[in-house]
Amino acid sequence: MEMLKQKFKAQADKLGEEIKQILKEHGDTVIGEIKLSQIYQGMRGMIALISETSLLDAQDGIRFRRHTIDELRQKLPKAKEGGEPLPEALFYLMLVGEIPTKEEVDTLSAILQRRSHVPMYVYETMKALPTETHPMTMFVVGIMALQAESVFAKRYAAGMSKKDYWEATFEDTLDLIARIPHIAAYVYRRKYKEGKILHPDGLLDWAGNFAHMLGYDDEEFKELMRLYMVIHADHEGGNVSAHTTHLVGSALSDPYLSYAAGMNGLAGPLHGLANQEVIKWIFEMQRELKTESPTSEQIKQYVEKTLAEGKVVPGYGHAVLRKTDPRFIAQMEFGKKHMPDDPLVNTVWRIYETVPPILQSLGKVKNPWPNVDAHSGALLVHYGLVEYEYYTVLFAVSRALGVLSSLCWDRALGMPIERPKSVTTAAVKRWLNKEVENLGD
Ligand code: CMX
């Protein structure tokens with residue numbers, strides 16, 4: 001751990017110096033213009049944030065420290081030969097920008113195991129909720145209960161110096177990543193398995209152990225969890241969960257508060273909750289059409305009905321991507337390798353052939369292609385994880401790797417409190433009528 005921490009600190013000091021120089025020489029360089037439409041329409045395309053861990057290309061998809069999903073699947077160390085990459089290896093890569101050796105990842109897995117204890121009062125807090133509570137609410141309540149353990153909060157209260165913020169954030173980050181799968185597994189076992197808790201297996205890697213604690217010891221399911229935890233980890237800084245974590249963290253709210261805030265954003269149906277919405281939508285379609293394997297024509301009619309009812313087709317579209325999400329492709333490859341004949345998975349592939357032309361024909365959908373959420377549920381159902389309301393919790397466990405490594409960078413680079421300017425429409429009108437010189441006056 002000390003080695004990883006020192007490596008991170010050295011990288012952060014180096015980049016911090018480079019940024020100082022960049023700002024000294026180019027701080028006043030104009031990087032583009034902002035259109036009035038952008039401030040009304042979700043700030044699309046507005047470059048407004050720095051996030052070191054990943055970068056999203058509209059055509060090629062996400063790159064983690066310049067590595068595509070395909071490259072990660074090739075290059076990151078694995079639990080088994082020819083298998084899926086270890087998510088803690090991706091965390092290492094996002095944190096220090098280097099692909100770790102297998103030995104370095106094994107050390108990190110062991111450290112996470114050692115730091116994974118969740119105090120009993122956290123479980124008691126979650127247990128106090130009625131079982132009908134949505135799993136994402138239970139999960140965030142668990143994280144909030146755990147906040148009492150924050151190193152950052154304790155050290156800040158004791159008068160921590162600014163120069164130590166990064167270190168307290170780093171400690172909280174490792175503790176949180178170690179403990180989050182335990183909280184998530186508890187949510188699942190409490191809500192769906194009569195509260196029968198399964199003890200961790202100290203010999204397993206982070207995602208393998210998570211699968212085990214959920215109650216899925218099938219080796220293939222563990223591989224799915226490793227892939228799942230890798231592909232959902234980060235999607236640059238502007239998406240709702242990453243941006244919220246960063247924003248809340250900028251007030252020096254500790255990593256527990258910041259991550260919990262981000263996950264409340266992930267729980268929205270246009271963001272992470274879309275994974276439950278997709279499978280719910282497919283199940284409803286199967287029920288209504290009375291078939292497990294709807295034809296392309298039947299799917300087309302059902303999509304048109306969904307649109308006519310004023311709803312979105314879940315799992316399709318994206319605010320940045322303009323092609324099929326490589327995270328969808330990675331899951332499709334997993335499906336082709338492990339379950340090529342699964343009827344539900346085949347239905348997902350048939351939907352993929354059917355939906356894009358329909359969305360294209362609407363003339364307003366900027367990206368008619370599937371995103372990560374279009375595929376994930378069908379793979380989980382294949383292994384028996386059918387409780388789709390739980391799916392966003394899996395996304396949240398993975399997302400911790402990205403948003404928390406980013407938070408370490410925010411504190412190490414001394415990022416200030418975020419505070420963009422807002423204006424009223426009355427102010428916009430005054431400015432358009434040339435009553436004032438500057439928008440906002
Ligand atoms: N089905 C139907 N209509 C869609 C659509 C879809 N899948 N995707 C976009 N549209 C519509 C929008 O609702 C919007 O309609 P209005 O002008 O009537 O409001 C219009 O097309 C233009 O939207 P856009 O610019 O193409 O998309 P946005 O950047 O505004 O939104 C997203 C992006 C993802 C919210 C949207 O595509 C969507 O709602 N998709 C379905 C939900 C989903 O899968 N979300 C998960 C995204 C990935 C993730 O974060 O996990």
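Which of the 20 residues around the ligand come nearest? In this predicted model, where local features need pLDDT of at least 70, side-chain atom pairs count only at pLDDT 80 or more, and totals for chains, interfaces and linings use all residues, H271, G315, Y316, K366 and D373 come nearest among the 20 residues around the ligand, a residue being taken as near if one of its heavy atoms lies within 4 Å of the molecule or strand in question. Residues are numbered from 1 along each chain as its sequence is written, and side-chain values use heavy atoms, with hydrogens and water left out.

By class, the shell around the ligand comprises 11 nonpolar, 5 polar and 4 charged residues, where Ala, Val, Leu, Ile, Met, Phe, Trp, Tyr, Cys and Pro count as nonpolar, Asp, Glu, Lys and Arg as charged, and the others, Gly among them, as polar. Polar contacts are pairs of N or O atoms within 3.5 Å; within protein, one atom must be able to donate a hydrogen and the other to accept it, and residues adjacent in sequence count only if both atoms are side-chain atoms. A polar side-chain atom of R44 lies 3.0 Å from an oxygen atom of the ligand, and a backbone N or O atom of L270 is placed 2.9 Å from a ligand nitrogen atom. For N371, an N or O atom of the side chain is 3.0 Å from an oxygen atom of the ligand. Taken alone, the ligand exposes 900 Å², of which the protein buries 75%; accessible areas come from the Shrake-Rupley method with a 1.4 Å probe, and for residues only the protein chains shown count as cover.

Elsewhere, T173 is located in helix α9, residues 165-192, helices (H or I, at least four residues) and strands (E, at least two) being DSSP runs numbered from the N terminus. T173 counts as buried because its relative accessibility is 1%, the term meaning under 20% relative accessible area, with exposed over 50% and partly exposed in between (1.4 Å probe, protein chains only). Leaving aside neighbours within four places in sequence, T173 is in contact (heavy atoms within 4.5 Å) with F91, L404 and C408.

An open sheet is formed by 3 strands in the order β1-β2-β3, with antiparallel pairing; two strands pair if DSSP finds at least two bridges between them. β1 (54-57) and β3 (67-68) stand at the edges, each with a single partner strand, so one side of each has no neighbour in the sheet. β1 is joined to β2 (residues 61-64) by 4 bridges and by a hairpin through 3 residues. D57 has G61 in β2 as its bridge partner, while L55 stands opposite R63. S54 and L56 make up the covered face of β1, and L55 and D57 the uncovered one.
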